[in-house]
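Here is a quick tour of a multi-chain model, written for someone who likes cut-offs spelled out. Have a look at the structure first, then read on.

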Amino acid sequence: MAELQVLLAGTDDHDLTKLDEYLAVGGYAGVGKARAMTPEELIDELQRATLRGRGGAGFPMGRKASLIDRSSPKPKYLVVNADESEPGAFKDREVMARVPHRLIEGCLISAHAIEAHEVFIFIRGEYLSEYEILQAAVDEARAAGLFGDVDILVHRGAGAYICGEETALLDALEGRRGQPRPRPPFPPVQGLYDAPTQINNVSTIATVPAIMEMGAEAFAKTGTESSPGSAIFSISGNIARPGNYELELGTPMRELIYDLAGGVPDGRELKAVIPGGSSVPALAPDEIDVPLDYDSLQKIGTFFGAASLIVVDDRCCIVQLALRSAKFYQHESCGKCTPCREGTRWMVQILERIEAGDAELSHIELLESIGSRILGRSLCALGDFAVYPTHSYITKWRNEFVAHIEQGGCPYGGASSLEGIVAPLDQHTHSPMAEVPA
Amino acid sequence: MSAFADEVRAIAERYPDPRSATLPALRLAQERHGWLPPEALREVANALDLTPAYCKAVASFYDMYHLAPVGKHLVEVCTNLSCALVGAQRVVEAFESELGVAPGETTTDGEVTFRTVECLGGCGYATVVAVDHRYRQDVTPADVAGIVEELRG
Amino acid sequence: MSAGLVTLTIDEREVSVPKGTGLVEAALAAGIEIPVFCYEPRLGPPVGACRMCLCEVQPGPPKPQAACTLQAADGMVVRTARTSAMAAEAQNGTLEFLLVNHPLDCPVCDKGGECPLQDLTFRYGPGNTRMTFPKRTFEKPIPISPLIALDRERCILCYRCTRFSEDVAEDGQLVAVNRGAQSVIATFEDEPYVGHFSGNVTEICPVGALTSTQYRFEARPWEIQSVPTVCGLCPVGCNTSATTREGKVKRIQSRNHPEIDEGWLCDKGRFAYDHLTARDRITAPLGGNRLAPIGWDEAIDRAEELLRRGGASTVTALSGGESVEEAYGLARLMRDGVGANTAVLPEQVPDGLDAYRAPLSALRDCKTIAVLCDEPVVERAPVVELWLKAARRNGATITYGAPEGPVDALVTDLPNLQLGARTVYYLPRTPNGRGVTDAWSAAGEGEPVDEEPRVLVISGDEAAQDPSVRVLAERADAVIGIGMFRDSFHGLAHLVLPGTSYLERDGTTINLEGRLQRQRRAVLAPVPDVLAWLSKLAARFDVELSPHASVVFEEVSAKCFGGVTFAEVGERADLPPRAARSETQEPGSQREPGSRDSGLRLVAYRPLFSGAAVERTPELHFQRPGDEIQIAPADAQARGVVNGATVTVSSNGTSLELRARITRELAPGIVRIARDHAGDLHATVQVTP
Ligand SMILES: Cc1cc2nc3c(=O)[nH]c(=O)nc-3n(C[C@H](O)[C@H](O)[C@H](O)COP(=O)(O)O)c2cc1C
Ligand code: SF4
Ligand code: FES
């Protein structure tokens, strides 16, 4: 197993941002095929392909489509999640910048399946160039008459990680503060403007044309049995050749890290890999012999997540890593539910104290306990995302936490690769929030 | 004022519910004013039949809206894990000394606001710096003087 | 199992509830508490924010579920903290998180002793704190209006207040700003929370974060009494509870009557009680040219003398704020005793309306609603506006029409209008106009005379302020006033007998639905009961009138209310059944459509925040309407008027600059300006950008 070009197919020798070149490689043929089917047939085809969502949870895309309440008198909507804000992830960006028409084609096919006439692509506000490319492609395809009775609107976010969470995304799209909604009701029943809504990740939708091209059966045979197809893996951090690699699912992680991406540079040792973006439990060096697919990663206690590997070498203080990561989740917590809003802040406070060498051993247990009181109890998974990696750092590198406490400071003595890093949280000096000692 | 309202209403018409135009309208208002002073929030509220308080609530939720004045240019350095692991802090420090301000501050001549931001989605090309929203990738401390010079023209 | 019911098990108790019942209510039906903070069905769908209600629920994922967001289903097994260690741990955890940044200043907090956070912490929370780090602190308390203080440190961000503002009052004034742990509740740029219903947020706040400035540090829960009564400031008649301490009213809270007010009060009803202790409160009869205090015996003598002088030509002007009993007592005196049958009544409510009667809550389920009222509904009967908003959120179509003639004429016509309307509400102008009218007619038979009034009796401060009553007063030889405030009668009356407030009397009123409700005395007035001196005065005219409201009520009730007793009216009054529809009456006078030039018809409305009680509550003055003109979208568009922009309003040579507010809650052809801001404008105005 290795490279399988599905999403990025044709990009080596074509500029697929251009409609004519995309048409030249057989683009938009899938739309015709799809429209020749009834929505039932199409959903059935998608279900047989068992394309699993590339946004994180890995829920089968066809099954989601089958849950759409098509009998509802309300309009149905397709929403594409292009918020990509998971630290370590930059794969959807590549899809939009290089194969925007494949995403659009996927939208048109999926819209037909759920009988939607309106598609919203929610792209994070920071992706300006990608927005321009995508918008140009949408305009070009619309002008070429490819849309039929469907329209696509590209909606820009404004800087909030939580808007990648699907229900928060819906609120942001409705013009509100992007905060998650309780579920049930689930979006296929009551989503955007309270109407049945299908939400999928960019890479998920951009894979749909391949299913039309190959047929569900052939597609299901690629990758692994439970995780067919390919994914673009983002790899970054302390790695020789960082970047995006489209690989067949099931490719060994070691192969990606060492053979394709060139391993850890500068003669350093591998210390940790966070395999799904910063929100999943990290792996120790002896855990990386694992196939890159949903089930295999879950079996060893982590997640496929955003298919984004962050490689960490031995110069990094694990407490600093935990702290920097925790500051991110505190910064991004939407503030709606109690455990995440209060818990992430408390976690940061404890980690700061440990890093400063000003803590007691009991603070490690406190940190774990607070984490376990967030886990599974917050309104959306952001709370979990703050805890998963932290718990893994404490479990797998506990000695470093203990060392900070026993030595009264960071054992790296200022030489850690993350020393002094300024998080956005640290610069909110104008906020109305002040602190006084307890 | 009225032209702005017309533009906002035109955006609103593309959505099933005009409220959906809140984010685009705030962006538009920010482009006109440079940031979102209270008048700007009032304009958006009037154009969309919302209240200024509602607009403030929305604007203050998102990092890309500025509720305080910012410089003519915006320099944003990603300091999330992937960038941090390969030296984003050195880039931050280079900007600090080149601009003479700390992260979160604006240069005294009002030219440049400098801040650190969370992951920009360019992790494979660390360090990522967004200069007026355009990404500069693989930025090292050595590039910083050039970027600042470019901005100062 | 009967159809529409589902059966589930909660803490090992089986319970059957209607399909669609939320788990919190289902548990309640089984006698089990699921603790909540953010959950409040009156605020709309559950938001699942606070995580206080976490329970173990099967079927479902193996983690605690927010019970408030789930509905009961057949075969569901729910375990609360009573029987599930998982739920108990989860709820304990939520409370620990809620308390990490809470100041724990209960001893100095107004909410202390009646605080859900305190109570639930006691029942479900951790015994001690593991928080040894700096807590979030904020400047405190900050005023979010002259009426409400916000202590952000105590706030648990349950979003009840902001949901009230956005989803119930729909005023969009109180919001959450910033994100995450930095989120705070705020108004726009420190501007006050202006809105007819702002005070409700102090009542729904489950902690001491939003408190009433009037009540701040005024009392502790163990030293207060609560008197269940009914608001007497508008025709809605919201059910209230008056908190008193040492004989003084300290606050007014809602007493949720689900058919009338659903637990919401307007700010006038909630905050205007300061009028009880107004500077110009009349505490003794006043007489002589300079209205100096006189003795009671002298006052009764003079009243008798004046009334005898006036005789049949005496005119009685009523406010509509009297209780049924006061109005009846006065009417007995005037009609039976003095023989004066002429009255200026506050309202004419045709009986035919009772055939269309329904509780206000029925509005919520209406599909089509026509509002025929040129004044803003919210200014006249505020809580009705909340029901209209609820109906609109429910999908109702609401149209706004503008009757050209007097509204009363329209009402007379109702039985003839083939509207197909199943329910009709009439919004009287006064709190008990209908009860007062009924009482007046029940008290005597004689016909009014058409003579110049020699003596005028003005009952109530509102009547004393009424321009048409003042015109009558100028024509009369002598004026007797009954009222609470010296300033109302200054230069107007020759004799003033002290009146009391609705908070100081026992009695009944009839609200706009036609519901008879009971007001209870919350505090003793600084003066005798009106009925007490009325009965003495009546005796001078050989009229037997009891000084006790309950006895007077029995007399009225026998004549008008089918003989119900005070006790039967109860604390939460029922609406009488619909009357039979009357035979079609003679059609009322056809109203001529008014001639129109290109101008707009100006309605200078009387704002809710006006009148004797509001004038004497300085904290409420900021709520008076601003200098804005309300205009319908079509009229605005035709004139190029933009929402929020300044426009020129002119008629007959006068012109004013006002801020335009485009509103759909207004019929085209009409513009509205609050009376205070309408200046000398005439009835037809031009509006230009
Ligand atoms: C805090 C949070 C952030 C998320 N961010 C993203 C994101 O940036 N992009 C994305 O596609 N999914 C994201 N998700 C997952 C989405 O909620 C949702 O599961 C996904 O968009 C569904 O698409 P898929 O089924 O195609 O994977 C996030 C979830 C959470 C809880
Ligand atoms: S878990 Fe965090 S991000 Fe998610 S709803 Fe709760 S506060 Fe918001
Ligand atoms: S009461 Fe259920 S989450 Fe608040």
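In what order do the elements of chain B run from the N terminus on? They go α-α-α-α-β-α-α-β-β-β-β-α, which comes to seven helices and five strands. Helices (H or I, at least four residues) and strands (E, at least two) are DSSP runs, numbered from the N terminus.

Before going further, some housekeeping. This is a predicted model, where local features need pLDDT of at least 70 and side-chain atom pairs count only at pLDDT 80 or more, while totals for chains, interfaces and linings use all residues. Residues are numbered from 1 along each chain as its sequence is written, chains are lettered from A and ligands numbered from 1 in the order in which they are written, and side-chain values use heavy atoms, with hydrogens and water left out.

Back to chain B: its C-alpha atoms fill a box of roughly 50 × 35 × 25 Å along the principal axes. The chain splits into domain 1 (3–61) and domain 2 (73–152), with 29 Å between their C-alpha centres. Domain bounds come from an automatic or database domain assignment.

Chain A gets three domains: domain 1 (19–220), domain 2 (230–313) and domain 3 (318–427). The C-alpha centres of domains 1 and 3 of chain A are 35 Å apart.

How much area is buried between chain A and chain B? The table sets that interface beside the one inside chain A. Contact means heavy atoms within 4.5 Å, and buried area is the accessible area (1.4 Å probe) that two parts lose on being put together, summed over both.

| Pair | Residues in contact | Buried area | Share on carbon and sulfur atoms |
|---|---|---|---|
| Chain A and chain B | 66 residues of chain A, 46 residues of chain B | about 4,400 Å² | 55% |
| Domain 1 and domain 3 of chain A | 13 residues of domain 1, 10 residues of domain 3 | about 890 Å² | 67% |

Of the area that chain A buries against chain B, A:Ala158, A:Arg177 and A:Gln427 supply 14%, more than any other three residues.

Now for a helix pair in chain A. The axes of α13 (residues 318–332) and α16 (residues 382–396) of chain A come within 10 Å and cross at roughly 175°. That makes α13(A) roughly antiparallel to α16(A), a label for angles over 145 degrees. Axes here are lines fitted to C-alpha atoms over the stretch in contact, and angles run from 0 to 180 degrees between N-to-C directions. On the α13(A) side the contact includes A:Ile318, A:Leu321 and A:Tyr329, and among their partners in α16(A) are A:Phe385, A:Pro389 and A:Tyr393. By class, this contact has nine nonpolar, one polar and one charged residues. Ala, Val, Leu, Ile, Met, Phe, Trp, Tyr, Cys and Pro count as nonpolar, Asp, Glu, Lys and Arg as charged, and the others, Gly among them, as polar.

Ligand 2 is surrounded by 13 residues, the closest being A:Cys334, A:Cys337, A:Cys340, A:Ser378 and A:Cys380; a residue qualifies if one of its heavy atoms lies within 4 Å. The shell divides into eight nonpolar, four polar and one charged.

Most residues other than glycine have a negative phi, and most peptide bonds are trans. A:Pro184 and A:Pro185 are joined by a cis peptide bond with omega about 0°, and A:Pro185 sits in the loop between α8 (166–173) and β4 (197–201) of chain A. Another cis bond joins B:Ala126 and B:Thr127, with omega about -5°. C:Tyr159 has a positive phi of about 65° although it is not a glycine.

Terms used: Parallel < 35°, antiparallel > 145°, perpendicular 65-115°, else oblique.
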